[in-house]
Amino acid sequence: STSPVKVAVTGAAGNIGYSLLFRIASGALFGPETPVELRLLEITPALKALEGVVMELDDCAFPLLSGIEVGDDAEKVFDGVNAALLVGAMPRKEGMDRADLLEANGKIFIGQGAALNKSAADDVKILVTGNPANTNALIAMTNAPDIPRERFNALTRLDHNRAKGQLAKKLGVSVSEVKDLAIWGNHDDSMYPDLYNTKVGGKSAASLVDEAWIKDEYIPTVAKRGGAIIKARGASSAASAASATIDHMHDWWNGTDEIVSMSVPTDGSYDVAEGIISSFPCRVKDGKYEIVQGLELNDFSKERIAATAKRLQDERDAVKKLGLI
Ligand code: NAX
């Protein structure tokens, strides 16, 4: 039998964790042949709740789950991990502004970047879900100088899946008919889903809908979806965020011929400035992603991509000022 993949999950006792862990343990991430060992990191006051989650994992008797380790010491929990899903972050509390949040969460990712640098396996792949995801990933990457930069990704797959779902619904087709859709930029309300390069039934998706719908309804609906879910459910997206986290790492690990949205370190592609982690259309082969090259972007797309990249540059400048990178 194959030796288990060691996967770390931070914030394991949180909402997303409660959905994510069970899917990883059931084989949704690495496939039905690969045993997994879970390494669960939490802050000390959440370890008791995490104990309860571990009891439930035991009670599922997942055949692929070869072991579970829990703790509040990142260096120990990350020891030898092949994949790290960095979900845990501090929610914005009353009276906190954006800079406070960047600082509070930024500190978490300094420590976790350094711990991964010290103790993760050489082949580790790291995906940041905890917000502000792109900038947290940048902070972790900057604090892990021995890990190749391209091993640090941030999650925009939830935006991707939302964008796919909303388009399929509008056109009355199945989501599997929507091809080559991608999110550009930051995981915030400036993210840009490009329908001009998206294909449905071989046609450009933009040609099948009104431009006014794209600008006034579609993009805002995708951008505000998280808020709409909070309003309806009384709690933020958890199962869908967990599912998107699985999708991203699954495709990065196993490869995919489809175009998927991944937030990756910028390399100058499409005139997006270097030094940030931004979402692009990507393909993955043999465990390595590539930013899809040669796409034509119209003026509207160029404008939106520049605007969302600017947000990321501003966040980068803010955390630089705070001494986090
Ligand atoms: P919860 O508040 O339910 O859980 C977060 C957990 O992280 C808590 O159990 C907390 O104790 C733990 N934690 C805090 N600091 C930690 C640290 N230093 N080390 C380890 N664990 C730590 O939030 P949840 O709903 O699970 O969301 C988690 C994060 O995902 C949030 O930052 C949230 O904003 C973000 N999201 C990102 C999305 C994306 O698409 N990128 C979408 C969903 C979600 O909003």
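**Contacts, ligand shell and backbone features of a predicted model**

Ser-261 touches Thr-156, Arg-157, Asp-159, His-160, Ala-182, Ile-183, Ser-279 and Pro-281, leaving aside residues up to four places away in sequence; contact here asks for C-beta atoms, placed from the backbone, within 7 Å of each other. The structure is a predicted model, in which local features need pLDDT of at least 70 and side-chain atom pairs count only at pLDDT 80 or more, while totals for chains, interfaces and linings use all residues. Residues are numbered from 1 along each chain as its sequence is written.

Ser-261 belongs to strand E12; helices (H or I, at least four residues) and strands (E, at least two) are DSSP runs numbered from the N terminus. With 30 other C-beta atoms within 10 Å, Ser-261 is buried, the classes being buried for 20 or more other C-beta atoms within 10 Å of a residue's own, exposed for 12 or fewer, and partly exposed in between, with C-beta atoms placed from the backbone. Between the C-alpha atoms of Ser-261 and Lys-93, which are 168 residues apart along the chain, the separation is 30 Å.

Turning to the ligand, 28 residues surround it, and the closest are Gly-11, Gly-14, Ile-16, Gly-88 and Ala-241; a residue is near a molecule or strand if its C-beta atom, placed from the backbone, lies within 6 Å of it. The shell divides into 15 nonpolar, 12 polar and 1 charged residues, where Ala, Val, Leu, Ile, Met, Phe, Trp, Tyr, Cys and Pro count as nonpolar, Asp, Glu, Lys and Arg as charged, and the others, Gly among them, as polar. Helix H1 (residues 15–26) gives the most to this shell, with 3 residues.

An unreviewed UniProt entry carries the annotation "binding site" for Arg-92, Arg-98, Asn-131 and Arg-162. These positions span 71 residues in sequence and the farthest two C-alpha atoms are 24.5 Å apart, so they do not all gather at one spot. UniProt positions follow the numbering used here, feature names are shortened, and annotations may be inferred rather than shown by experiment. Arg-92 sits in the loop between strand E4 (83–86) and helix H4 (98–119) and, with 14 C-beta neighbours inside 10 Å, counts as partly exposed. Arg-98 is in helix H4 and is exposed, having 12 other C-beta atoms within 10 Å. The unreviewed UniProt entry also gives "domain: Lactate/malate dehydrogenase N-terminal" for residues 5–149. Over residues 5–149 the chain is 43% helix and 19% strand, and the end C-alpha atoms lie 21 Å apart.

Buried positions in H10 are Arg-304, Ile-305, Thr-308, Ala-309, Arg-311, Leu-312, Glu-315, Arg-316 and Val-319. An α-helix has 3.6 residues a turn, so residues three or four places apart point the same way. The cover over the buried residues of H10 includes H4, helix H5 (133–142), strand E8 (183–184), strand E9 (192–193) and strand E13 (277–285). After H10 comes Gly-323, with a positive phi near 75°.

E13 runs antiparallel to strand E14 (residues 288–291), and 4 bridges join them; two strands pair if DSSP finds at least two bridges between them. Val-284 has Tyr-289 in E14 as its bridge partner. The hairpin of E13 and E14 has 2 residues between the strands, and there Asp-286 takes a positive phi near 50°. Asp-286 is exposed, with 5 other C-beta atoms within 10 Å.

Elsewhere, an open sheet of 3 strands has the order E7-E10-E11 with antiparallel pairing. Strand E7 (178–179) and strand E11 (203–204) stand at the edges, each with a single partner strand, so one side of each is left without a neighbour in the sheet. E7 pairs with strand E10 (residues 199–200) over 2 bridges, and Val-200 in E10 is the bridge partner of Val-178.

Most residues other than glycine have a negative phi, and most peptide bonds are trans. A cis peptide bond joins Asn-131 and Pro-132, with omega about -10°, and Pro-132 is located in the loop between strand E5 (125–128) and H5. Tyr-270, a residue other than glycine, has a positive phi near 55°. Tyr-270 is placed in the loop between strand E12 (256–265) and E13 and, with 21 C-beta neighbours inside 10 Å, counts as buried.

Definitions and conventions
Two residues are in contact if their C-beta atoms, placed from the backbone, lie within 7 Å.
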